[in-house]
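Okay, thanks for coming, everyone. I'll take you on a quick walk through one model today, so let me put it up on the screen.

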Amino acid sequence: MSAQAQMRALLDQLMGTARDGDETRQRVKFTDERVCKSHLLNCCPHDILSGTRMDLGECTKIHDLALRADYEIASKERDLFFELDAVDHLETFIADCDRRTELAKKRLAETQEEISAEVAAKAEKVHELNEEIGKLLAKAEQLGAEGNVDEAQKVLQEVEKVRTRKKDAEEEYRNSMPASSFQQQKLRVCEVCSAYLGLHDNDRRLADHFGGKLHLGFIQIREKLDQLKKTVVEKQEKRNQERLKRREEREKEERMRRRTRSRSREHRRSRSRDRRRRRSHSSSRDRRRSRSRSRDRKRRHRSRSRSRSRGHRHSHEQSSRHKSSRDHERSSRDRSRDRDKRDSMNGRSDSRRGEDRDTGDF
């Protein structure tokens, strides 16, 4: 990779897909199913084991450092749970590697001579010390590359101690079996990367193996898998706690609502009881009022009827009295008229008599 390509990749990793306004790169989001979630979490075996004897080639999914930067920015705001996809991917890969390791062990068991359990235990001890020496040498080289010379010297001192123990273990193994069998190379399968290790490998070979990219890559993948599993468990627990908390809050709110509803029902019931009481009180009061009004009406009606009857009687009496007085007056008038008539008739008769007398006398 040229220096320009490295700078471009570094900018993509720092700023994401939108660093230069390229719309074609923004069409694919990091949430797309075509994007490798293990690459976003920096644990894809295709990237880690590239350039080794177990190079897997290019991944079938999209690898882009800019998408990884977008994911890292978005993961700070919310949990995307891409760890689940990465765990499934790495578990499948590790299961395949473990299957190859078991097959290699079976081949070795078929090709190598069978030895007793005691001799096998001694050989296993030598293999373990070889592994410890190789790891310590790889650690010392790494510390020296980082400039930590004092720590590297301490690790080399530990290497010398382990070498002494290894010599003792090899001596015990040599004395437990014939010389012809001891000279044969006893192989062992590495439990981490399924590579073959020899019982008589020198320190340089052990350091190259345990400090090599293949072995360290498998260690990185296995450690990343364990870390992702812990992260998934923690996030699931956190999510369960949040769900439980939300559920408790909802239940609490529901209880509060029920309480408020019951209180409102009680309040409505009390109000309805009060209304009924007021209505009954008002109705009884209205009944009493209506009764008193009816009594008053009856009393007024009775008084009116009595007053009317009295007035009628009085008027009748007055009218009868007036009528009797009128009749009396009329009768008195008639009598006076009759009397006048009689008087006038008597006067006429007297005057006629006088005239007759006068005429007779004449």
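Let's begin on the inside. The largest nonpolar core here has 33 residues, and Phe30 and Phe218 are the ones with the most contacts inside it. Keep in mind that this is a predicted model. Who supplies that core? Four helices each give at least two residues to it: α5 (65-75), α6 (83-111), α10 (203-210) and α11 (213-361).

Now zoom in on Phe30. Leaving out residues up to four places away in sequence, Phe30 touches Val35, Lys37, Leu40, Leu67, Asp70, Tyr71, Ala74, Leu80 and Phe82. There's also another core lying apart from the largest one, with 17 residues, including Leu137, Ala140, Ala152 and Tyr173.

Okay, on to a helix pair. How do α7 and α8 pack? Helix α7 covers residues 117-145 and helix α8 covers 149-175; the angle between them is about 165 degrees, and their axes are 9 Å apart. Angles over 145 degrees count as roughly antiparallel, so that's what we call α7 and α8. Their crossing is left-handed. And what sort of residues make up the contact? By class, you get 16 nonpolar, two polar and eleven charged residues where α7 meets α8.

Most residues other than glycine have a negative phi. But look at Asn42: not a glycine, and yet its phi is positive, about 60 degrees. You'll find Asn42 in the loop between α3 (37-40) and α4 (45-48). Is Asn42 buried, exposed or partly exposed? Its relative accessibility is 45%, so Asn42 counts as partly exposed.

Phe81 is another one. This residue isn't a glycine either, and its phi is positive at about 55 degrees. Phe81 sits in the loop between α5 and α6. With a relative accessibility of 17%, Phe81 counts as buried, because the cut-off for buried is under 20%.

Last stop: Lys186. Where is it? Lys186 is in the loop between α9 (179-183) and β1 (187-189). Buried or exposed, what would you guess for this lysine? Lys186 has a relative accessibility of 7%, so it counts as buried. And if you trace the chain, Lys186 and Leu108 are 78 residues apart, while their C-alpha atoms are separated by 9.3 Å.

That's my tour, so over to you for questions.

Key:
Residues numbered from 1 in each chain as written. Predicted model: local features only at pLDDT ≥ 70, side-chain atom pairs only at ≥ 80, totals over all residues. Heavy atoms only, no water. Core = buried A, V, L, I, M, F, W, Y, C linked by side-chain atoms within 4.5 Å. Buried < 20%, exposed > 50% of the residue type's maximum accessible area, 1.4 Å probe, protein only. Contact = heavy atoms within 4.5 Å. Axes fitted to C-alpha atoms, helices over the stretch in contact; angles between N-to-C directions. Parallel < 35°, antiparallel > 145°, perpendicular 65-115°, else oblique. Left-handed = near helix turned anticlockwise from the far one by under 90°. Nonpolar A, V, L, I, M, F, W, Y, C, P; charged D, E, K, R; others polar.
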